[in-house]
Amino acid sequence: MRIQAISDLGSARRLVVKIGSALLVEDGKPASDRLKSLARDLAELRERGTEIIVVSSGAIALGAARLDLPKGGRASLADAQAAASVGQVALAQLWAEALGEHDLLAAQMLVTLGDLEDRRRYLNAAATIERLLETGAVPVVNENDSVATEEIRFGDNDRLAARVAQAARADAVLLLSDVDGLFDRPPDQEGAVLIERVEGVTPEILAMADTGSSSGIGSGGMASKLEAAKIAGRAGIMLAIVNGTRLPPIASAVAANRGTVFLPVRSDSARKAWLGGRLACEGALTVDAGCVSALARGASLLAAGVTRVEGDFQRGDLVQIDGPDGERLGQGLVEYNAEECRAIMGMREGEQEAQLGYVPRAAVVHRDHMVRS
């Protein structure tokens, strides 16, 4: 069954549920009533046949309180990593106890951005999730903040949830937030209207997003949720944002059918969905107008269309592809290193061999290794 609405979530074969720090932690302590209510929701879904994967924030907030660190453990990277080290133990225990009350076994999975950016490690993570679900366990996933540094981390669990959904081949992602969903303006402004259904995350939709977490203790915001919707949508996965402050959170949202649903407008192959969801580009290639038109027709990116090369990347690295006005066109795996790209940019195939000293490759970025935004 294809999930089209929040009221359909109870029919999902496999569902990823993400809950943020603001909903799990209050004044440095677990929000026990909310966690117990959510665990009950998850147990009821399991009884109806839905396999559940939880993506849970809260480790830094819990650890910071126990270590008495300033600014919720986010004053420095070292503080955040220390808080996460302590908080991950506490968070795992909370989920084990909450799910255990319903005879469900929690299985902790800590991942970093690199685990899901590298194709082999991504497939390993997918295999682990699959096996855990086969055994009846509930994977509880969190970013491994105790070792992740700023330049190699997701930075929020919204995008992590979407990547986990891709890896797990889930039907839907449910993001529990402290608001009802996406509004056409900040929800505290008079006249704000809830956007109930979105087909494709366009620039106009992105313009509606705020950039921060209203609670002040999380790392996400509406902007990260929209990026998550784009990642999920590449794999044909529906994503929904609902208000998690109402108890029971999932049952209430399903009964009211209230929130924002992002319907996928494409369904890329598994490899292309993974490639399109990668976040850490090593550089950027700017192309001319003629190349923009060629790419829109499904062509590979040729050196003749490249006008600018940014970054210090190697062959096989992920690069961003931008149009002449700076608009992001897509991303892909580059066939040359940065120095070689600069040497041959703007050149036709016949000119490239003399510049490189060897027969040039078919493309700078082949269409089979490229996805459009």
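These are my entries in the order I made them; the model is a predicted one.

**Entry 1: the eight-stranded sheet.** I started with strand order. I found an open sheet of eight strands, running β5-β6-β4-β1-β7-β9-β10-β8, and the pairing is mixed. At the edges I noted β5 (106–111) and β8 (197–199), each of which pairs on one side only. From one strand to the next, the twist averages 20°.

I then looked at one pair in detail. Strand β9 (residues 238–243) runs antiparallel to strand β10 (residues 260–263), with three bridges between them. Across from I241 I found T260 of β10.

Entry 2: Which strands does helix α6 touch? Helix α6 (residues 119–135) packs on the sheet against β1 (14–19), β4 (51–56), β5 and β6 (138–143). I read the angle between the directions of α6 and β5 as about 175°.

Helix α9 (residues 222–234) lies across another set: β1, β7 (172–177), β9 and β10. Relative to β9, helix α9 runs at about 155°.

**Entry 3: a closer look at α9.** I checked the helix length against expectation. With 1.5 Å a residue, the 13 residues of α9 should span 18 Å, and the end C-alpha atoms are 19 Å apart, which agrees. How many of the residues of α9 are buried? I got 10 of 13, so I wrote down "mostly covered", using the cut-off that buried means under 20% relative accessible area. Among them are M222, L226, A229 and I231, and also K225 and R234. After α9 comes G236, and its phi is positive, near 75°.

**Entry 4: the five-stranded sheet.** Next I turned to the other open sheet, with the order β12-β11-β13-β14-β15 and mixed pairing. Its edge strands are β12 (306–311) and β15 (370–372), each pairing on one side only. The twist here averages 20° from strand to strand. Strands β13 (residues 318–322) and β14 (residues 328–333) are antiparallel and share five bridges. For L318, I found the bridge partner L333 in β14. Helix α11 (residues 270–277) packs on this sheet, touching β13, β14 and β15, and its direction makes about 70° with that of β15.

I also checked the UniProt record, an unreviewed entry, which annotates residues 283–365 as "domain: PUA". Over residues 283–365 I have 28% helix and 27% strand, with the end C-alpha atoms 13 Å apart.

**Entry 5: Q88.** I looked up Q88 in helix α4 (residues 77–100). Is Q88 buried or exposed? Its relative accessibility is 8%, so Q88 counts as buried. Setting aside neighbours within four places in sequence, I listed its contacts as A59, Q108, L110, E143, N144, D145 and S146.

**Entry 6: cysteines.** I searched for disulfides and the structure holds zero. For C291, the nearest cysteine sulfur belongs to C341 and is 12 Å away. I found C291 buried, at a relative accessible area of 7%, and C341 counts as buried at 3% relative accessibility.

Methods
Residues are numbered from 1 along each chain as its sequence is written. This is a predicted model: local features need pLDDT of at least 70, side-chain atom pairs count only at pLDDT 80 or more; totals for chains, interfaces and linings use all residues. Side-chain values use heavy atoms; hydrogens and water are left out. UniProt positions are given in the numbering used here, feature names are shortened, and annotations may be inferred rather than shown by experiment. Helices (H or I, at least four residues) and strands (E, at least two) are DSSP runs, numbered from the N terminus. Two strands pair if DSSP finds at least two bridges between them. Axes are lines fitted to C-alpha atoms, for helices over the stretch in contact, and angles run from 0 to 180 degrees between N-to-C directions. Contact means heavy atoms within 4.5 Å. The expected span of a helix is 1.5 Å times one less than its number of residues. Buried means under 20% relative accessible area, exposed over 50%, partly exposed in between (1.4 Å probe, protein chains only). A disulfide is a pair of cysteine sulfur atoms within 2.5 Å.
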